[in-house]
Amino acid sequence: MSSHYEASIRKPLIEGDKSYHDITVDIARPIETPPNKDWWIAFSIALIAFLWGVGCIIYTIGTGIGSWGLNKTVGWAWDITNFVWWVGIAHAGTLISAVLLLFRQKWRMGINRSAEAMTIFAVIQAGLFPIIHMGRPWLAYWMFPLPNQFGSLWVNFNSPLLWDIFAISTYLTVSLVFWWTGLLPDFAMIRDRAVKPFQKKIYSLVSFGWTGRAKDWQRFEEVSLVLAGLATPLVLSVHSIVSMDFATSVIPGWHTTIFPPYFVAGAIFSGFAMVQTLLIIMRKVSRLESYITLQHIELMNIIIMITGSIVGCAYITELFIAWYSGVEYEQYAFLNRATGPYWWAYFFMMTCNVVSPQIMWFKKLRTSIIVSFIISIVVNIGMWFERFVIIVTSLHRDFLPSSWTMFSPTFIDIGIFIGSIGFFLLLFLLYARSFPVIAQAEVKSILKSSGENYKKSRDSHE
Amino acid sequence: MKKYWKGLEQLKVQSDIVDKLEQNEFVEEIPVEKSEDKNSSRRDFLKYLGFSTTAAAIAGCEGPVIKSVPYVVQPEQIIPGVANYYATAIADGNDFRSILVKTREGRPIKIQNNKDAKSFNCSNARVNASVLDLYDTYRLQGPKVDGNYVSWDDFNNQIKGNLENLINDNKRIVLLTQTQCSPTTKLILDKFLSKYSNIEHIEYDAISSSSALDAFENIYGIRALADYDFSKAETIVSVDADFLSDWQGGSYSSGWSKTRVPNAGNNNSMSYHIQFESNMTLSGANADNRVPANPSELKKILAHIYSRLSGQPVNGSLNPNLDKYVDLSVKKLKSSGTKSVLISGIDDVNAQEMVLMINDFLNSDVIDIESPRFIRNGRNSELLKMMEDLKSGKISGMITSGINPGYSLPESEEFLKIFKNLEFTLSFSMKEDETSRVAKFLGASSHYLESWGDYEFKTGHYYLAQPTIRPLFDTKQFQDVILSLIGSDTNFYDEIKSNWKNNILSSGKTWGKSLQDGFFYDYSQNKLSIRRKRININSPFAERSNEFSLVLYPKVGMGDGQRASNAWLQEFPDPITRVTWDNYITLSISDAKKLKLKNYNVANGALNGSYAKITSNSKEIIAPVIIQPGQAPGTIGLSFGYGKKYGMSDEMKVGINAFNLYNDFNKIQKVNISKVKGDHEFACIQLHNTMMGRDEVIKETTLEIFNTKDKSYWNPTVMVSKNHIETKVTSPEVDIWRDFDRSIGHHFNLSIDLNSCNGCGACVIACTAENNVPVVGKEEVRRSRDMHWIRIDRYYSSEDTIQEDIKKAEEAKGFRKYKSTLNALEQAAENPQVVFQPIACMHCNHAPCETVCPVAATSHGRQGQNQMAYNRCVGTRYCANNCPYKVRRFNWFSYADNDEFDYNLNNPLGKMVLNPDVTVRSRGVMEKCTLCIQKTQKVILDAKRDGRKVTDKDWQTACSDACSDGAMVFGDVNDKESEISKVREGDRTYRVLESLGTKPNVIYQTKIRNNINI
Amino acid sequence: MSKNNLHVLFDDDDILLDAIKKIKEKKYHINEVYTPFPIHGLDKVLGLKPTRISILAFIYGCIGFTVAVLMMNYIMIDDWPQNIGGKPSFSFIENMPAFVPIMFEMTVFFAAHLMVLTFYMRSKLWPFKKAENPNPLTTDNMFLIDMESGDNLNKMKVFLKKTGAVSIEVIERDDNEK
């Protein structure tokens, strides 16, 4: 039994008296049983939001960016705010599956599948905004270094926006293959259980004919390890690069070297919050409490609390440096941020992101599901405001007072944002019904070490 | 030297063709009529030209004007793609200027200053924009009788008939026209009036200068306005005279600016300019000392100055604060002696007489009474009498020309009621405006660019106006109709020509040359005999009451309102308030507080203002309020020119008609004001009025410091920290990389002198015309989406002076103090210092916008321009965000062919004003100032074609060309001899936000103030 | 004497590992082992060589890096050097800092994708590929050893039962028919 030994003081990661087969059954259940009423309600709400968003996007492309609230001074507002927000959210998935894998954190196995799914769906939302925020989105492909009929007309590799294009597309595709590779054995499991011919067809198609040979498993583990090794710096680089959109500019409030680490911390922060939100619902709906346990939630809360505090430090540092730099524009930018016309946004950001996670210091609260759920929502609101504050309050009052103005969104701005949330939920709901939402192969491999019943029996032997 | 063969002819040893080609400077004839030849080539030219353009226009009426219409007869003077320039003159009753008209393929597309003209050569925004009126879809297409189109013959005959009847039963007819300073027109009218003895000619200026005219007449015996040459001035005391914009016809700014720039030429001196006024005017904003005072005080001030100079006692005392400044002015006037001048805009004969006498005491060189101005001639008494006669039915017929009394008369409603029912009404107009729409006979008159004309703006200064295009529609000019009415078979052109040949031209200058130049000067004028007149300076002053004084004024953009349907002018931001598409009540900060009238910004930053009701004997109007720093407490400003209702599209029908309150043609009216419900939505393009004590935006100092201290004190080179060592921002040390080599070829710089710029805004319109800048309309401007490539920022000081603002900001240490100070700095002072700063793209050598463009749509040109490749732009707007000067403009919608933006770009006729050298930008792309690259390239290519070197004076941008005040110098800094290189090396040179290291190619000249503190 | 294939099913990974050890001692030949999840040490007892796929990943990464450098040098320096905000487009080294992010991204991109592709190809995984696991339960909770039967089938069955096999299935080799 040596291979499976784990100290008995460690809390079991899989609760209840589970056998390998039970796991199979539990994971396959949501896929094999028809969705219930709640799912349909959720689905139709998401669908409506999504369609509304599509409508607004079509209108924008039809008439022009003028249908948004932007102006000559504030050239970006909700569009890029949403972009950064979604990218930030995306980061959690990769972090959970990659970084925790490198650190051999077995508890990740309960949640990594859904976290990665969330990553991919969030990146899709994020990718949407840079495209539709263009004045001429139909020319978006000009962003890629394509040889073209216009003579040697190339892209500009000095532009952080171009770095974004590369970073985001790399990030999206790499997370996708990482996720899919992990899915193969689980798809295979469902394929082999499937009775309906259509279902069988589909799952044998997506499982790429996985069989589970010893050699395959050997390669599988190696590939997962290397991908994790690659994804970890990748995920850090992506949000660093996103932050450079601002950090490399001259606008006071953007022109800040602290941005890369600060944005990454923020990303983990918001990402974990979003994972929290989704999983708390899913474990209930799909009856996966024994795999996504209270311990998972608590550990996530701790990470949220830590990253929240890091972000808080970043906010304070910004203020300090602004004052310390002695640059009048910098100083005013931050005075204006905190006390100017958009003080309320700054206030939201501070309370949601810095204050609210601090309650996680209390075990009672961080182990309460309802509290965790509320905080996870609050944090994501706060993180949206963080991006809004950075983008809009910096732009609306920059160097020459003559061009100072304000921004207020139109219903199109709002519609597109709601739409992206709808699209995200839509994808996630479909995923929850058709994908193995927990990496069952991995979970099975730790059943004996971390399964409650096995731990018990082992203890009674000794 | 290389010799290129132009043709076989050159093989011949003696070829007259080759010789001819070598002799002639121009291969094509310049369209100037050779002195005496019968078959005048230039008339033919106009025929062809006319045909082709009318064809284009007609074609335009069905489809897009892009549909090319081939020249049936290629006129030899027109080379497609090459512009022709014609000297002509505008005299619309409000603006009188000598101008150059740029035509392309026969279309007039731009107005420029006629720099060779000795006077009336600085065009303002309105004159620059007047070309757009030519292509106004609301223009009359032909003569109308009772609202139906008729032929001109029919029209003339009917009028003849009517006039015959009226003269037979001896009914009085009034011919009401704008001021006619045209010698030939006068001749014609004399004939006309002698033929129809029952017709009486009355001249009418919408905005009256009657009092000044009367005063001059009383003293110097002729009815005219004194002219002034401010370039000779050392001290200018202006009592309520906005001479930098429209006072007595304007066109004074170029003279004024000459004395405002301290340089080696005038051994670092500059004139002293003090302004006493009620409204914040352009002149007041540019004055060294500005003293707000209400109208009754203003007249006292004048009287006291007069008495202190003449020794005549005056009763009634001044309040001590004003008294100080009166003393100061008197001191200055005396010390400068003949180099000093006092001017006044007070609508009061007595006051105007004082002005003339004061300048007489001073024996001022600045005032020019030998050759006075004839551009205003209206007589209030005449007009008031006319109204009486109209009411009492003594007048049974009326002919109007070039004016719109139904809009601009104080009693316009009554006037229209009577006018409607007159037996005979004929009005010559370009539009169916308030008056002409109710006239029985409607003479469709031509735009001035389609007309002939000659003018004597001032004694001995003659100007010629020539058509630059054949009339687009079936229109005639007033004079031609009059000629046919008096049964002459000649036309106005012949009349002018003969009149000039017989009576005007002398000293061997030919008609042809004068026509080409657009002017003729005759200095052999006999001196005026001065009839000195003792002036009673104790004539009763209107004593200060608790009522408000309403001070009516013409807006820089709108003047007397005859161009109200001009989209460029509607979107032209007022230099002082920077509000577009509106007129409004201006009110002092303290009064606004008292009356609880507010200005505030809504969620998207746009400006809203409360409404107020002002009532003046039985008339009342409701108007929005702008709180105006510098407005004299107890006074209200309101501008003419708005609130027109007819002959324009609905978008243009903005504002309220101030002429309704112009009782007795007096710009000062006693009124009561009260708040009324509701808020008005303004379209103001500058929402923040102060500079927040930022010393890198505008650098300024005082004349004293400038002359006594070293440059390093008042304009130090900006230092930046490198490895914690203070380093000059100009040194290559602070660059991360090696710099590009910019020494080869041309490298363009634009210098803007904050001393000579008075914010008139002519450059803004010139740029709009040159670069096809779209008009976006009130709603979009309100959303801060104006498209102007050059804007003129206007900052008020928050303390008494801008220097104090900067000091205050520097001293604010500690969070609390800092916060309170900066919040305080957001508010303008009650009577602030004002500064204007034209801002266009800075064309930074290290441009932040270029590095961030993902598709390299904007990159740096070899000649220093920061270039936009419109068709490469995908519209991420990252460049605009990263521009520290916020000069980039985004095409939020497609502004051409879009019914949402129904301005000149939405109709084929309006599109004829487009400059074919500049593309019309499509939706979703970024645009901005190009340093008029199309103009610089033209210069280079021409020089190349002619195989000569480019000369410095060839370089011009639209803005620098339009600036008659020499505030803008443009040129090649690689040419060490060029003016720009010299200016650039000057001590006053600085760059905006230099510490950012953007290395702009647009440089500024530190503002020097000559203000005296007491 | 005919040789058949045996499909021996187990229901526990530890038992499976012991069984394989025993079978190896008996020098029986194991063709393949199918398991529902990765079992640590399985490759060792089976004596599989360690995979070299991570080395490949490194090489792919290097390729990606080179491609990035060459591409950006060609586009920004060679083909059309423009003056963009005064950045030194005349020298790759001086302009290089701006290129670092994309160099990194391209490295990761190539490494990750090419490695996964190699893995799919080597393990014969792609869409429409038919699954070859002899028993569907091997993706659920069963562990299957596919081995060649010895000379004495019954003796073997007894032996395997002793190792803890749940069921033993004899697959007739098709070459026996000939």
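How many disulfides does a search of the whole structure find over all chains? The count is zero, where a disulfide is a pair of cysteine sulfur atoms within 2.5 Å. The model is predicted: local features need pLDDT of at least 70, side-chain atom pairs count only at pLDDT 80 or more, and totals for chains, interfaces and linings use all residues. Residues are numbered from 1 along each chain as its sequence is written, chains are lettered from A and ligands numbered from 1 in the order in which they are written, and side-chain values use heavy atoms, with hydrogens and water left out.

B:C841 is buried at 7% relative accessibility. B:C849 is buried as well, at 7%. Buried here means under 20% relative accessible area, exposed means over 50%, and partly exposed lies in between (1.4 Å probe, protein chains only).

A salt bridge is a side-chain nitrogen of Lys or Arg within 4 Å of a carboxyl oxygen of Asp or Glu. B:R563 takes part in two of the pairs described here. Its side chain meets that of B:D92 at 2.8 Å, N to O. This pair links distant parts of the chain, 471 residues apart. B:D92 sits in the loop between β1 (83-91) and β2 (96-104) of chain B, and B:R563 in the loop between β20 (548-553) and α18 (567-570). Helices (H or I, at least four residues) and strands (E, at least two) are DSSP runs, numbered from the N terminus. B:D92 has a relative accessible area of 10% and is buried. B:R563 is buried too, at 6%. B:R563 also forms a salt bridge with B:D133, at 2.6 Å, N to O. B:D133 lies in helix α3 (residues 125-133) of chain B, 430 residues from B:R563. Both B:R563 and B:D133 are buried.

Another salt bridge, between B:D946 and B:R945, spans 2.9 Å, N to O. B:D946 is partly exposed at 40% relative accessibility. B:R945 is exposed, with a relative accessible area of 60%. Shared partners join B:K938, B:D942, B:R945, B:D946, B:R948, B:K953 and B:D954 into one network of salt bridges.

Chain B also holds an open sheet of four strands, in the order β39-β32-β41-β40, with mixed pairing. Strands β39 (968-972) and β40 (989-990) stand at its edges. Each has a single partner strand, so one side of each is left without a neighbour in the sheet. Two strands pair if DSSP finds at least two bridges between them. Two bridges join β40(B) to β41 (residues 1002-1005) of chain B, and these strands run antiparallel. B:T989 stands opposite B:Q1005 in β41(B).

The contact between chain C and chain A takes 66 residues from chain C and 58 residues from chain A. Contact means heavy atoms within 4.5 Å. The buried area is about 5500 Å², and carbon and sulfur atoms give 66% of it. Buried area is the accessible area (1.4 Å probe) that two parts lose on being put together, summed over both. In chain C, the residues that lose the most area to chain A are C:P38, C:E105 and C:T139, together 11% of what that side buries. One salt bridge crosses this interface. C:E132 and A:R213 meet in a salt bridge at 2.4 Å, N to O. Helix α5(C) provides the largest share of the side of chain C that touches chain A, 15 residues.

Between chain A and chain B, the contact takes 63 residues from chain A and 62 residues from chain B. About 5000 Å² is buried, 56% of it from carbon and sulfur atoms. A:K72, A:R136 and A:L400 supply 16% of the area that chain A buries against chain B, more than any other three residues. Four salt bridges are counted between chain A and chain B. B:K886 forms a salt bridge with A:D398, with the closest N and O atoms 3.0 Å apart.
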